[in-house]
Amino acid sequence: MPEVIEETEAAAPYGATAEAHPAIQTVNLSKRFGRTVALAGLSMTVPRGEVFGFLGPNGAGKTTSVKLLLGLLKPTSGEAWLLGRPIGDLQTRRRIGYLPELFRYQGWLSAREVLALHCELAPLPRSSWNDEITSALETVGLTDRAKDRVGTFSKGMQQRLGLGAALLGEPELVFLDEPTSALDPVGRHDVREIIRGLAARGTAVFLNSHLLSEVEQVCDRVAVVDHGRVIASGTMDELLSGTAVKVRVEGLGDADKAKLAGFGSIDDEGDQLTFTNLKPDRVPELVSAIVALGGRVYEVAPRHQTLEDRFLQLLEEEEK
Amino acid sequence: MPPVLVIARLTVQETSRRRLILALVILTLIVVGFSAWGFHKITTVTNSAGVVLPPVQVALITSQLLIVVTFMYSGVLALSAAVVAGPLISSEVESGLLLSILARPVRRSEVVIGKWLGLAVLIAMYAAGSAFLELAAVDWATGYVPPHPDQLILYVGAEGLVLLSLGLALSTRLSGITGGVIALVAWLMGWIAGVVGDVGTGLQNQAVENVGVISHLLLPTDGLWRGAIYAMEPDAFLATMRAAGTVARANPFAAVDPPPVSFLAWVVLWFALMLALSIWSFRTREI
């Protein structure tokens, strides 16, 4: 069996200065678990300082991608570089922060001690620990609980602590895997602010999420992954160029709704149908078709396509 | 501090804060207290003639009882080592605790060696501490001190380290409970195989004797236990055993000869091999 981590200290793949290298670069990165394809040829580049959203349904290959990039898994094929160095390079990890999806920290340590442990392993100069820890605790709102044992923390507080650990030492690249899964709305807002703060100081952020509104609000670019393949990628503007049309209608059966497939992907929520990518000039034609099928229309609301509309549309197209 | 020492410190810290050390200290003090009272009774009981036992007989009985009490200590150590080592890595992989640590500039070999080192320190401390207290109590109660107390501590401690190494190796791949149970069963089977080997020696049957030899090579716990027994046996007892010939060797609580140097060299190599296996196994594990 090959080694998962090569733990190399190899030179950068090309000779320019470190800053010239993208934060993340992958070429045909693939991963199989037995017969299951977890990731099928991921090729992407995330520039320095960019907030990159990695979207996909559960089991799409998002967490596998992060683990491959961090050297926790060994790729079946393909190559990847972080900050210009091959994945698995020990020294690169000094410049990386990571909040795992499965966040868990030593319950027998206090929050401050957990952060001190990460300062020590990072490793950061001991003289900077106090400032780093105090700043991280303040950023994630745990200053009052600094001396409490992590075992007494709620899940949300543990996730905040994990985020604090990922921020230590001003990393150049931060991986956040579902960073708000255990947080309340206030916590989610705080995380968005933290991500904006990271971007402002030039830190690249790789955000794994299926909370689309969150991604939409903070990401410069996104990639949508499904069944281990990237099915779309680009800036928000590139991805959300279409118009979605929400129609509140009664009196349509499933067979009738199927006849409306010519108007594009439909997000069917009972009486509320959202045509996720429909040009405004086709709205009268749509309404006529619904009425002809016996439907009673109460509301028609064209609006800019949201990331959720586009996401659902992409997944539906992928299944066809 | 290098990562390997940070991980070792963390392992000691965890065991301490989970109160395992406190529980073992309290239990040991209770056992030492009871055994001191029991050993003291040997000096006051009378034989069928109504007189107290002569010092030679007190020493002989004490030496034999001390071997049984030490067997209990080595059992506690083996059980603790297996139970603590079994989940040492697997539980942290399953819970995700290691994810954020392995994303730091920390080699997997450093995690394995650090955890081994942390638990090894605790095992050494327990072996030395409990042996010192027990022997001091026996000395106070009966005036008897085994011939080689330093070797006794080394052999019992090494027995704990063998189970720690086995448990840790299993922990790189199996769940904590599975690894712990396998380590414990292996320890018991190793002891039984050692007894079978002794029976072979007693019967002068080479094939049966080889069962013991092979088991000592696969898992050296019983071989080390025999070393601990030898360190506790007074010269007079050893002379009697030797005079009795091969039949006397068929006894799991007696040792006529010290462990050969070649066996002790194998034990050192066994530790190195087991640690190397653990490192390889963990490095190739996908997390």
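**View 1. The largest nonpolar core of this predicted model has 147 residues.** A nonpolar core is a set of buried Ala, Val, Leu, Ile, Met, Phe, Trp, Tyr and Cys residues joined through C-beta atoms within 7 Å; buried means that 20 or more other C-beta atoms, placed from the backbone, lie within 10 Å of a residue's own. Among the residues with the most contacts inside this core are A:Val205, A:Leu207 and B:Leu163. A second, separate core has 12 residues, including A:Val247 and A:Phe275. The model is predicted, with local features needing pLDDT of at least 70 and side-chain atom pairs pLDDT 80 or more, while totals for chains, interfaces and linings use all residues. Residues are numbered from 1 along each chain as its sequence is written, and chains are lettered from A and ligands numbered from 1 in the order in which they are written.

**View 2. Here is B:Leu163 with its contacts.** Leaving out residues up to four places away in sequence, B:Leu163 touches B:Ala78, B:Ala81, B:Ala82, B:Ala85, B:Ala183, B:Trp187 and B:Thr221 (contact: C-beta atoms, placed from the backbone, within 7 Å).

**View 3. Helices α3 (residues 55-85) and α7 (residues 149-171) of chain B cross at roughly 20°.** Helices are DSSP runs of H or I with at least four residues, numbered from the N terminus. The axes, lines fitted to C-alpha atoms over the stretch in contact, with angles from 0 to 180 degrees between N-to-C directions, come within 8 Å. α3(B) is therefore roughly parallel to α7(B) (angles under 35 degrees). B:Ala85 in α3(B) and B:Leu163 in α7(B) are among the residues of this contact.

Methods:
Helices (H or I, at least four residues) and strands (E, at least two) are DSSP runs, numbered from the N terminus. Angles under 35 degrees count as roughly parallel, over 145 as roughly antiparallel, 65 to 115 as roughly perpendicular and the rest as oblique. Two residues are in contact if their C-beta atoms, placed from the backbone, lie within 7 Å.
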